[in-house]
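Subject: Structure handover

Hello,

Here is the structure I promised to pass on. Please open it first, then read my notes below.

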Amino acid sequence: DNLLASIKREEEEISPSTLFAVASILEGSTYINGSPQNTFVPGVIELAMKHDVRIAGDDFKSGQTKMKSVMVDWLISAGLKPVSIVSYNHLGNNDGKNLSAPSQFRSKEISKSNVVDDMVESNRILYKENEHPDHVVVIKYVPYVGDSKRAMDEYVSEIFMNGKNTIVMHNTCEDSLLASPIILDLVILAELCERIQFRKCAENEAGVSVESCEERFENLHPVMSILSYLLKAPLVPRGTPIVNALMKQRACLENVFKACVGLPAENHMLLEQKLLCREERRGVEEKSNGIVGVTMMDENKMLQETMVRNPMQSC
């Protein structure tokens with residue numbers, strides 16, 4: 001209500017992108033914020049929840065930030081400690097021109113810098129409480145290069161025996177050509193999310209769903225954190241942890257859509273391939289006892305049988 005009243009009073013603090021978001025919500029249309037502006041003020045999020053309209057943001061993740069989310073996740077997972085991350089960009093399109101304004105650059109700097117935070121927080125062996133790598137982002141407007149954006153990154157990490165490891169990367173890309181397919185993907189995925197409904201079912205003490213389900217189906221939360229894979233600074237519901245690691249974001253998308261068609265979530269354990277089944281064990285034992293001519297079970301048949309039964313019961 002305060003936000004709508006401020007708009008009626010034409011207060012200068014209300015940004016154009018916030019006006020677009022409010023108009024979209026009042027029309028019942030999903031709004032995706034592809035720029036780093038502070039569009040989703042608390043009043044916009046409350047309005048979306050009140051009208052049950054989907055919103056997602058912020059800032060399309062097209063090049064340098066996507067690479068950074070992969071690199072930092074890999075370095076930390078490998079036990080290497082990034083201590084300095086410096087990113088430099090220059091471009092000459094309208095995006096670059098807008099970012100030459102200090103206020104616009106500051107919002108972009110925040111969206112690019114926050115991408116490493118959750119990965120650092122996830123490893124308290126490498127990083128102490130409130131310890132973070134030095135992280136600097138520089139963006140310059142160079143009209144001559146047009147849409148051909150240059151991005152350069154330097155990652156310095158501490159390694160074994162106080163050693164240092166430095167990775168330097170250079171990327172030249174067509175900025176708009178990278179962003180356009182992301183817009184299409186976001187529109188398609190957002191429309192699909194609008195059609196997903198679920199209802200809650202009770203579980204017994206063993207964690208198995210029982211028949212007592214709620215009659216009414218519900219929509220997904222209006223704040224579509226499921227689209228984080230394609231956005232630099234994911235907007236999430238209040239109290240929800242922010243995930244920036246790229247592969248975790250993709251796994252979230254895949255597993256939600258697998259659930260929609262009744263497929264189990266992918267966990268990459270491949271447990272059926274990690275167990276020595278009865279037929280295999282018998283073949284190994286017979287071979288070790290000097291019996292020749294024993295044929296192992298056909299590999300495809302074994303895989304099919306293992307997948308339709310409990311792998312733990314196959315040994």
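**The sheet and its hairpin**

Strand β5 (residues 148-158) pairs with β6 in the antiparallel sense, over eleven bridges. Two strands count as paired if DSSP finds at least two bridges between them. Helices (H or I, at least four residues) and strands (E, at least two) are DSSP runs, numbered from the N terminus.

Before you go further: this is a predicted model, so local features need pLDDT of at least 70 and side-chain atom pairs count only at pLDDT 80 or more, while totals for chains, interfaces and linings use all residues. Residues are numbered from 1 along each chain as its sequence is written, and side-chain values use heavy atoms, with hydrogens and water left out.

Back to the pair. β5 and β6 form a hairpin with five residues between them. Met161 sits in that turn and has a positive phi of about 60 degrees. Tyr155 has Ile167 of β6 as its bridge partner. Arg150 stands opposite Thr172, also in β6.

Which strands make up the whole sheet? There are four, in the order β4-β3-β5-β6. The sheet is open and its pairing is mixed. Its edge strands are β4 (134-141) and β6 (164-174), each of which pairs on one side only. Neighbouring strands are turned by 10 degrees against each other on average, direction ignored. Axes here are lines fitted to C-alpha atoms, for helices over the stretch in contact, and angles run from 0 to 180 degrees between N-to-C directions.

Now β3. Nine bridges join β3 to β5, and the two run antiparallel. Tyr88 has Met152 of β5 as its bridge partner. With β4, β3 pairs in the parallel sense over eight bridges. There, Asn89 is partnered by Ile139 of β4. β3 is mostly covered, with eight of its eleven residues buried. Buried means under 20% relative accessible area, exposed over 50%, and partly exposed in between (1.4 Å probe, protein chains only).

**Helices on the sheet**

Helix α8 (residues 175-195) lies across β3, β5 and β6. It runs at about 85 degrees to β6.

**Helix α3 and its neighbours**

Which residues of helix α3 (residues 42-51) are buried? They are Val44, Leu47 and Ala48. Seen down the axis of α3, these buried residues fall within an arc of 100 degrees, so they line one face of the helix. The arc is that of the directions from the helix axis to the C-beta atoms. On the other side of α3, Pro42, Glu46 and Lys50 are exposed.

The buried residues of α3 pack against α1 (2-8), α2 (16-26) and β2 (55-57). Contact means heavy atoms within 4.5 Å. Asp52 follows α3 and has a positive phi, near 55 degrees.

Look at α2 next. α2 and α3 pack at an angle of about 10 degrees, with their axes 10 Å apart. That makes α2 roughly parallel to α3. (Angles under 35 degrees count as roughly parallel, over 145 as roughly antiparallel, 65 to 115 as roughly perpendicular and the rest as oblique.) From α2, the contact uses Thr18, Ala21, Val22, Ile25 and Leu26. From α3, it uses Val44, Leu47, Ala48 and His51. These residues divide into seven nonpolar, two polar and no charged. Ala, Val, Leu, Ile, Met, Phe, Trp, Tyr, Cys and Pro count as nonpolar, Asp, Glu, Lys and Arg as charged, and the others, Gly among them, as polar.

**A loop residue**

Gly28 lies in the loop between α2 and β1 (31-33). Gly28 is partly exposed, with a relative accessible area of 49%.

**The chain overall**

The protein chain has eleven helices and ten strands. Buried residues make up 37% of its 315 residues. Of the contacts in the chain with a separation of 6 or more, 65% are between residues 24 or more positions apart.

Best wishes
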